[in-house]
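Student: Please take me closely through one part of this structure, and show me how it sits in the rest. I'd also like to know where to be careful.

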Amino acid sequence: MGAGVTEPAPSTAVRTRAPGAEATPPRPRAHGPRARRDALTARAGIAMYILPALALVGILLLVPFGYTVYQSLTEYDGISPAEFVGFDNYVTLLGAERFHRSLINTVIWTVGTLLLPVLLGLLIAVLTNASGWPVWVRYAFVLPYAISGTATGVIWGFMLRSDGAVNQVLGAFGLDSLQQEWLLSWPMNTIVMILAETWRAVGISIILFLVGLQTVPRETVEAGMLDGASGFRLFRRIVFPQLRAVTVVVVGISIANSLRVFDVIWLLTQGGPGWLSETLAVTMYRQTFVLSEYGLGSAVAVVLAVIVVSVSWIYLRQQMPKRG
Amino acid sequence: MNRRKSAVTAAAIAAVMLSACASGSETSGGASDTLTLNGDRADFVEAYKAAGEELEELTGYGIDPRNVPSTESYQQVIRSSLQSDSATDLVKWWSGYRLKELARTGGLANLDAEWEAAVENDWVNPDTAPSFSYDGHVYAMPMYKSYWVIFYNKKIYEDLGLSVPTTWEQFIGNAQTIKDAGITPFFGTQEAGWTAFIWFGEILSKLNPEFYADLMNGDAKYTDEPARRAMEIWSDLYERGFFTSPDVAWDDEPALFQSGEVAMVPMGTWRNAIFTDNGMTEQDYGAFVMPTIKPDVTPSVIVESGVFAVPEKAPNKEAAVETLGEWLNPDVQEVWVDEINDISANPQVEIENPILTSVTEQVQQSEPIELERYWEASPPSLVAGNVKDLATFMVDPSKENIGPTLQRMQERAEQEWAKWEQE
């Protein structure tokens, strides 16, 4: 270092150190039996706080999951003693055409309920937030979220069956050629059920995006406008990047919901006709509770759980801001 | 100190929650002079109570009914409770292979003595014993005896000048006339899942009842000619546009029948209750046993019986067994069938409902062989799987789809029968 070199700037650590910190030497660690007892008591106190949550998660989630994994390795009909069969149930699943169809349907559901509720939710939130659309328009889209999946199934069943409201309306307007057996052919039945679920689920996306939009600082939007951005460009360059955190949550919720969708399908088609519109969640229910093949049903449950957890984990790991 | 208190409180709450979990749910219980009964039919609850009052006079034990609304949940409840001491004293179940499935685990009490006594009193047809037995022993008593018939809308028949068919040609001719008048002749749906077997069972049993029985017992194949022929007939009827759409709601059936949008409904006589509850009378509808497809075919009728059984671990097992010994007593049955509007398994019990009376008269006249309903006639997992294939066929009832459908059903039959024999 030469003589002319200026004094280096103080490091951040030095700058942020609390005034007088150096004057107070670190408290020497206490030793001896009393100190150990104190430390133990503190740890026990912490453990007591954590224990209820641990117990609940363990008893209600981990133990049943562990039992399900064990059951997936057995052949069990709910009455006779379970017989250990190793990975036979998984081999059966992999070779079953119905399981493949169930997997395909699950993928279609995931893509569909990922794209539609997220895109529609964002669109409706933006339109009702920024423009002069009346509030009731927002309510009209949000309210279905308050309806249970079961009620959604009943309503859409009334609409989509061959003698239902949709075909009747089409007939009334002379559009007989557009009338369809909506729930009877694949992939039409899966697509219309995704639309039904979108109708119900888009509400939560709208709410979350609205919350996100209202946290976007007005200054950033105004600055963008001053720089000449407007319309879609303003939204894409200025607003949308600031909705990243909300988008991560909405997409995460949509992924988890789509992978475990059950009620709408069960009420509209029971996974049928035959097995045509089953998803993994429906297959799991039918194998276990209709066919009483608990081992096979548990194997489907394990496959579904692994998919849900891994997809959610990978997605969140990629999207969530990294620490440090 | 506060921290310690909070920790103790949290631990106490956790302990209470855990103990609450550990106590589980109880399905048994009740006073010892009242027998608990579990079922999946909410509409039977009042009838259980009414029959229970009669039983109490005979045995000293009344009935306290419980109900699980979902049939699927109910089956799981019973399956799991049979292995524990939380079973009710009496359980409603299904006959045939569904009963055998429970009985062979040793979970049900033997009712041989009660059955024998009922036979001696002429309270039950002894020929029906196989439906309630496993390995030569009786494990259940019939709740009712439903015959599977075609309910028909009398107003449509009268308006179109039709008469009750006695031959297959008349039956199909009537359907064509009804179709030409712009009315859907037959109700048929796969919407409720199980309903997909109805037309297959009806057509096959009227085409070749002996083959039907063999097929149900695993002694014949779904790919054999009679099964293929039955599917062809079914496909022809679809081609002629005789059926409702396969996704029409099962729950809408009574309304469609009553309003005259559908002229004929194949169903067990247990469906009679809902028709009468809806205000239909003998002026509005009637019932007939579907004619055989050819005159030389043996007359047959499909029969269905729900059953009562006693879990081996029932808290009041002896009293429950004794009560089922009196179940078929005419005093009890008259009250019971009057409430449920169906036919008693006790042939001595007279029925007041004119529709049901006409059915029993037809049965007495033609003396058909009685066949078990498809749902109970084979191992449950075989039936549940094949019903799905029949549902798929209803959506595509083409001739080309017959072969693949029957092939899949046969493959499943071979697998499931092998599993059944193995277990």
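Tutor: Let's begin with pLDDT, the predictor's confidence in each residue, from 0 to 100. This is a predicted model, where local features need pLDDT of at least 70 and side-chain atom pairs 80 or more, while totals for chains, interfaces and linings use all residues. Residues are numbered from 1 along each chain, chains are lettered from A and ligands numbered from 1 in written order, and side-chain values use heavy atoms, without hydrogens or water.

Now the care you asked about. Over residues 1-23 of chain A, pLDDT stays under 50, and the model has 2 contacts (heavy atoms within 4.5 Å) for this stretch beyond four places in sequence. Helix α1(A), residues 12-16, has the lowest confidence in chain A with a mean of 39, whereas helix α7(A), residues 165-172, has the highest at 95. Helices (H or I, at least four residues) and strands (E, at least two) are DSSP runs, numbered from the N terminus. For chain A as a whole, the mean pLDDT is 85, with 89% of its residues at 70 or more.

Next, look at the neighbours of β3(B). Strands pair if DSSP finds at least two bridges between them. With β1(B), residues 34-39, β3(B) pairs in the parallel sense over 2 bridges, and L90(B) is the bridge partner of L37(B). Strand β12(B), residues 306-309, runs antiparallel to β3(B) and is joined to it by 4 bridges. Across that pairing, K92(B) has F308(B) as its bridge partner, and W94(B) has G306(B).

Step back and you see an open sheet of 5 strands in chain B, in the order β2-β1-β3-β12-β6, with mixed pairing. Its edges are β2(B), residues 62-67, and β6(B), residues 141-142; each has a single partner strand, so one side of each lacks a neighbour in the sheet. Also in chain B, in the loop between α5 (112-120) and β4 (133-134), is D122(B). D122(B) is not a glycine, yet has a positive phi of about 60 degrees.

For a contrast, turn to chain A, which has 14 helices and 2 strands. Of its 324 residues, 39% are buried. Among its contacts with a separation of 6 or more, 66% are between residues 24 or more positions apart. One pair to find is L115(A) and T198(A), 83 residues apart in sequence but 9.5 Å apart in space, C-alpha to C-alpha. L115(A) lies in helix α4(A), residues 97-130, and is partly exposed because its relative accessibility is 46%.

Chain A has some backbone details to spot too. The bond from W186(A) to P187(A) is cis, with omega near 10 degrees, and P187(A) sits in the loop between α7 and α8 (188-214). G272(A) and P273(A) are also joined by a cis peptide bond, with omega about 0 degrees. S292(A), in the loop between α13 and α14 (294-319), has a positive phi of about 55 degrees without being a glycine. S292(A) counts as buried because its relative accessibility is 3%.

Definitions and conventions. Buried < 20%, exposed > 50% of the residue type's maximum accessible area, 1.4 Å probe, protein only.
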